[in-house]
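Have a look at the structure, then read on.

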Amino acid sequence: MLFSSIPFLYYFLPCVLIAYYCVPKSIKNIVLLLASLIFYGWGEPSYVFLMTGSIVLGYVFGILIEKFQKTIWAKVFLLISVGISLGLLGYFKYSNFFIKNFNTALGTSIPLLKVVLPIGISFYTFQLVSYIIDVYWGKVRAQRNFISLATYITMFPQLIAGPIVRYSDVEKQLSERSITFSKISYGIRRFMLGLGKKILIANVLGEFCSMFRASDEKSILFYWAYAIAISLHIYFDFSGYSDMAIGLGSMLGFHFIENFNYPFISKSITEFWRRWHMSLGTWFRDYVYIPLGGSRCSKVINLRNIFIVWLLTGFWHGAEWTFVVWGLYFGILLMIEKTFLLEKLNHHKYIGHIYVFFLIMFSFVIFDAPTIADGLGSIARLFGAGGIPISSKATVYYIKSYAVMFLIAGIGATPFPKMTLQKLVQKPIIEKIINFAEPIVMIGILLVATGYLVDGSFNPFLYFRF
């Protein structure tokens, strides 16, 4: 079930919120858990059992690790638990990838497995692994209440697309959280903002990208427009979903961490990855990079650590070589910045902005490509390879048709709208006008988004495949 869908907006969410607000505090987690299982099982009922089994194992191993803390058995249980979780992820997500490449390399014909990728398995697996490791490190106590642990893992706002919420961040909230009018109102505003970003911006940019792929009249200008559109599409698609997740969490009394912080204003790739999908970046930092030695080691080992982290980051995004290359692309750029470039970029911020703009566009062209050759070919055509024309009638038509959306998306990807609003509300009369207009704007976003959904417009969610 998508957040940006009629069944969720008009049936599932209202029923869940009414039930959740009406029941006593003592059974709110049960209501949330049941709602989350229904949400997850909406499209894939059979995989509810896989997720539930993973939670049961995590629950048992968490208690065992804490019971045998500081003994060899704790490490044994840790390795078994993490091994099972990552093994299940590997089987469902990567088994056919390895079989295909094995067949290609050795000329064999091993049949592919008939497996379907369970939605959200990458996200809930990482949450389970982080919980188990934190119990092993003594950062959190093992959760004795199975309902509380299951609620944490299955919580529908962040189950299928993150942010990757750490158990330590919500441990107290699972048993002690308040539901206030301010939290609910903030949650509604944040959810509507995310819905607008997803339906009214990301989906429209996605339509442009689809038209580009289907066009037989590609030109250099069309390739550049596509590179910009796909970068903004991915940003608004994912950040919009993260906004909706944070908003839903607030409506339920939870505080989730931010996942995006205007990444396109970065002056370096290092800064970009501190602002983009922050929950994933901090997960790899805390559970892979630092345990490998982080930066507190020789320069060679540090560069090795960066390489490993970004190889895994690319692979996490999908079982295709394009994602592996995409991850290594960033790994190499980060190693170059770490070695000598970062200090220079920090002293020349305008050059840094231009540098980031181009490199990020190139990265998402590869990210979106069906094959590495296609991605590299598209980048080459940005500079005229293949003898394509500079422009064409189709290019001019599509760019004119979507010019306003490009402008809105470009401005919306910066802090400018937020900063402008913050300055305006400092004036009492304007603050009153904004407070009066805000509910009208929120209702307007919902109605327009509903119109798009009823019309059956383009409405995929990119990160479902992760």
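Which helices each supply at least two residues of the lining of the largest pocket? The points below start there.

1. They are α9 (181-214), α10 (220-251), α17 (393-412), α18 (416-424) and α19 (428-454). Helices here are DSSP runs of H or I with at least four residues, numbered from the N terminus. A pocket is an open set of points on a 1 Å grid over the protein atoms alone, with protein on both sides within 12 Å along at least five of seven lines.

2. A word on the ground rules. This is a predicted model, where local features need pLDDT of at least 70 and side-chain atom pairs count only at pLDDT 80 or more, while totals for chains, interfaces and linings use all residues. Residues are numbered from 1 along each chain as its sequence is written, and side-chain values use heavy atoms, with hydrogens and water left out.

3. Back to the largest pocket: its volume is about 1400 Å³, meaning the space filled by probe spheres set on the grid points, which are joined across faces, edges and corners. Its lining (residues with an atom within 4 Å of a point) runs to 37 residues, and Leu 193, Tyr 262, Pro 417, Lys 418 and Leu 421 lie nearest the centre. By class there are 20 nonpolar, 9 polar and 8 charged residues; Ala, Val, Leu, Ile, Met, Phe, Trp, Tyr, Cys and Pro count as nonpolar, Asp, Glu, Lys and Arg as charged, and the others, Gly among them, as polar.

4. The second largest pocket holds about 620 Å³. Of its 19 lining residues, Thr 270, Arg 274, Tyr 289, Trp 310 and Leu 334 lie nearest the centre. α12 (278-289) is among the helices that supply at least two residues, and it gives the largest share, 7 residues.

5. A cavity is a set of grid points where a 1.4 Å probe fits but cannot get out, and the count is 2 cavities of 30 Å³ or more. The largest has a volume of about 70 Å³, and α3 (47-67), α4 (72-106) and α5 (121-137) each supply at least two of its lining residues. That lining has 7 nonpolar, 4 polar and no charged residues.

6. The second largest cavity has about 50 Å³ of space. Its lining includes Ile 121, Tyr 124 and Thr 125, and α5 provides the largest share, 4 residues. Here too the lining has no charged residues, with 4 nonpolar and 3 polar.
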